[in-house]
Amino acid sequence: GTDPWIDQNDWLSHGKHECDWGLIECEGPGPRKQITKLIMFHNSMKGTLPFELGLLSDSLQVLDLVSNDFTGTIPTELGKLTLLEDLELKFNSFQGSIPSVLGELTELTRLSLGRNDLSGTIPTEIGLLTKLNTIGLERNTYLEGSIPSEMGQLVKMFSLALDYNSLESTIPKEFGKMTKLDRFHVNHNHLTGQMPAEVCALSKLKALRADCLEVSCPCCTQCYEQEPQQPQEKPPDEEADELVHSSQAIVFNHQVLDALITIMSPSSTVAIFDSTSPQHKAVQWLSSSGEEEISSYSNERLGTRFALASLFYSTFTSEEKEEDGGSLSSSSSSS
């Protein structure tokens, strides 16, 4: 069978503003309202995260995709979401490195990438995100290299989780600048040396965990000996009813194509013409809206609906997906 989203309430409904689809929150007056939040945690989403989400750069503040089954890399286009305050991607299977362009998300207060399969090093650009108060990079077994001293600039940091990785070298003394730090977990790594006195002196630090055989830490609240890392567990999947949809061939609408070519780079539009791609299906769906509806949309609005449809077709794993532009009613009333 099939394995659709748990909640896909009204997604890809023609004649309905995308702000009225499920899992989306918007702000703004009337028809000019814009998407500010995509809250899609634990929703049985499988596949890769489409780079078209970068088209939501004018408004998106929260992207919550926790506890799904995303694979592939974190798209660098997320670096365009410069209004983003909360990026929650933990409990997935993302691979590859942490994009350095995330250092351009200067409004970010929470960065949650834990419990994935990320590798490479922690980009020094993370130190540019001076509004961050929470970082979760825990349980990415192949995340290696040293901890960037630049992260010491994150003086609003409250919770910092770097445990169960393969980090090396020593703990930066610059972390002593994090005067609001409450929790710092750095256990189960390959770190050595001493816990900096500057960190031990932090007055608000309530939970400090390290491998005390390798890192001398008289101030730690919990010491560990290295143990084999256990496979991460995800919350159990909920059942989702199967959906069956009809399909028909749709010719691309010229206004839709012209709009996408205008707002996207030429290299980004290549996938549109690949008949097997989610982007191709997204343009088919958008083209099936009808001339009157399409003509009422600005280029930016067409781009937003295209980005959401690309996300849907990239992750909705039913074998029979909606291509004729009908409403996708939720088979689950969860919200």
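This is a predicted model, in which local features need pLDDT of at least 70 and side-chain atom pairs count only at pLDDT 80 or more, while totals for chains, interfaces and linings use all residues. Residues are numbered from 1 along each chain as its sequence is written, and side-chain values use heavy atoms, with hydrogens and water left out. Helices (H or I, at least four residues) and strands (E, at least two) are DSSP runs, numbered from the N terminus, and two strands pair if DSSP finds at least two bridges between them.

- Five strands make up an open sheet with parallel pairing, in the order 7-9-11-13-15.
- Strand 7 (95-96) and strand 15 (190-191) are at the edges with a single partner strand each, so one side of each has no neighbour in the sheet.
- Strand 7 runs parallel to strand 9 (residues 117-121) and is joined to it by two bridges; glutamine 95 has aspartate 117 in strand 9 as its bridge partner.
- Strand 9 is in turn joined to strand 11 (residues 142-146) by three bridges, again in parallel, and glycine 120 stands opposite leucine 143 of strand 11.
- Three bridges also link strand 11 with strand 13 (residues 166-169) in the parallel sense, where serine 146 has glutamate 168 of strand 13 as its bridge partner.

- Strand 1 and strand 2 (residues 34-39) run antiparallel and are joined by four bridges, with glutamine 34 in strand 2 as the bridge partner of glutamate 27.

**The contact of helix 3 with helix 5**

- The axes (lines fitted to C-alpha atoms over the stretch in contact, with angles from 0 to 180 degrees between N-to-C directions) of helix 3 (residues 278-287) and helix 5 (residues 299-315) come within 8 Å and cross at roughly 130°.
- Helix 3 and helix 5 are therefore oblique to each other, a term for what remains once angles under 35 degrees count as roughly parallel, over 145 as roughly antiparallel and 65 to 115 as roughly perpendicular.
- In contact (heavy atoms within 4.5 Å) are residues including Pro278, Val283 and Trp285 in helix 3 and Leu302, Phe306 and Tyr313 in helix 5.
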